[in-house]
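Here is a quick walk through a helical fold, a few spots at a time. Have the structure open beside you as you read.

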Amino acid sequence: MKKNLPMNRAERAQMAMMLEVCAYPKPGNVDRCHDYPDTRLEHFLASAFLARPVFDAAEKTGGRVGNLIREAVMRTNGHSGGNTHFGAFILLIPLVLGGDIDGARRIVAATDVEDAVEFYAAFGLTSVRMAESDDLDVNDPASVAAIRERGMTLADIMAYSAPRDMVAAEWTNGFALTRRCADLLHAHGCGRASIAAAFLDLLASVPDTFIAKKHGMETAEETMRSAAEVIDGRRDLAAFDAECVSAGINPGSIADITIAGIYVALGEGWQWDC
């Protein structure tokens, strides 16, 4: 089998975004076979294209994590599909800055108050769903003042959000699910089928917090159990996918983690086009 030419960090990040959304089936999410009314495949692909200058800058010149996340959101916020990759940027930016998971951990540990403020500015540009218990409201200037008064770094913000947000939790657990996803990709082989299989494995093992924020934790846990039934052969995958799409149950956080896992796996020699 012919091997792919090595990609730089920015190329891997962009490819990861593209490969994740094109993989099928990933129950409930936009992919090559179905869209949502307001967000379509081309919106995700456009965001992967538009984010490239930010990844290039992160790799070539470095910069502040918070500022780079805000820049990525600004560059991808111009189409009618709304936010597509905010969670992915939270994971990809430190990975691109640091190169790999170990490097991303060092980047996360070095964040400061200004990163936190820039992150909140980025958050304010999106329509990302927040948990009802969040008292640091991105639309409230008093929250930014509170961040400055408390001296909260961006790592502190993620730790604050981690109990309710699995993407934020990656910053506090050393990118554990990102690492697991990369390992699953290697274990499942190569190409888009392994992406769908790794996604389903993650969905069957942990409740997706985006589903929980949108529909409640009970629905997130039921979706997790249904995914496990698919893996065990007790439920039909296509039917499960259709049920999720019909109910608007989209595991967006696991999609973000899958993107990060693809980035890591690509850097380790995983083949995407077999």
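## Ground rules and a buried phenylalanine

A residue counts as buried when its relative accessible area is under 20%. Phenylalanine 175 sits at 1% relative accessibility, so it counts as buried. Keep in mind that this is a predicted model.

Phenylalanine 175 is part of the loop between α10 (166–172) and α11. Its backbone is worth a look too: phi is near 60 degrees, a positive value in a residue that isn't glycine. Most residues other than glycine have a negative phi, and most peptide bonds are trans. Proline 25 belongs to the loop between α1 (9–22) and α2 (41–50).

How many of the 14 residues of α1 are buried? The count is 11, so this helix is mostly covered. Among them are Ala10, Arg12, Gln14, Met17, Glu20 and Cys22. The buried residues of α1 pack against α2, α3 (52–60), α5 (86–98), α12 and α16. From its first C-alpha to its last, α1 reaches 20 Å, close to the 20 Å expected at 1.5 Å a residue.

Glutamate 20, in α1, is at 3% relative accessibility and therefore counts as buried. Setting aside residues up to four places away in sequence, glutamate 20 touches Lys26, Ile195, Ala255, Thr258, Ile259 and Ile262.

## How α1 meets α2

The axes of α1 and α2 come within 8 Å and cross at roughly 170 degrees. Angles over 145 degrees count as roughly antiparallel, so that is the label for α1 and α2. On the α1 side, the contact is made by Gln14, Met17, Met18, Val21 and Cys22. Their partners in α2 are Leu41, Phe44, Leu45, Ser47, Ala48 and Phe49.

## One face of α4

Helix α4 (residues 65–76) has 12 residues, which at 1.5 Å a residue should span 16 Å. Its end C-alpha atoms are 17 Å apart, in agreement with that figure.

Which residues of α4 are buried? They are Val65, Gly66, Leu68, Ile69, Ala72, Val73 and Thr76. Looking down the axis of α4, these buried residues fall within an arc of 165 degrees, so they line one face of the helix.

Helices α11 (residues 176–188) and α12 (residues 192–203) have axes that come within 9 Å and cross at roughly 135 degrees. The two are therefore oblique to each other, and their crossing is right-handed. From α11, the residues involved are Leu177, Arg180, Cys181, Leu184, Leu185 and His188. They meet Ser194, Ile195, Ala197, Ala198, Asp201 and Leu202 in α12.

Now for glycine 261, which has its place in helix α16 (residues 252–267). Is glycine 261 buried or exposed? At 0% relative accessibility, glycine 261 counts as buried. Leaving out neighbours within four places in sequence, glycine 261 is in contact with Thr178, Cys181, Ala182 and Leu185. Glycine 261 and histidine 188 are 73 residues apart in sequence, while their C-alpha atoms are 13 Å apart in space.

Conventions: Residues numbered from 1 in each chain as written. Predicted model: local features only at pLDDT ≥ 70, side-chain atom pairs only at ≥ 80, totals over all residues. Heavy atoms only, no water. Helix = DSSP H or I, 4+ residues; strand = E, 2+ residues; numbered from the N terminus. Expected span 1.5 Å × (residues − 1). Buried < 20%, exposed > 50% of the residue type's maximum accessible area, 1.4 Å probe, protein only. Arc of directions from axis to C-beta. Axes fitted to C-alpha atoms, helices over the stretch in contact; angles between N-to-C directions. Parallel < 35°, antiparallel > 145°, perpendicular 65-115°, else oblique. Left-handed = near helix turned anticlockwise from the far one by under 90°. Contact = heavy atoms within 4.5 Å.
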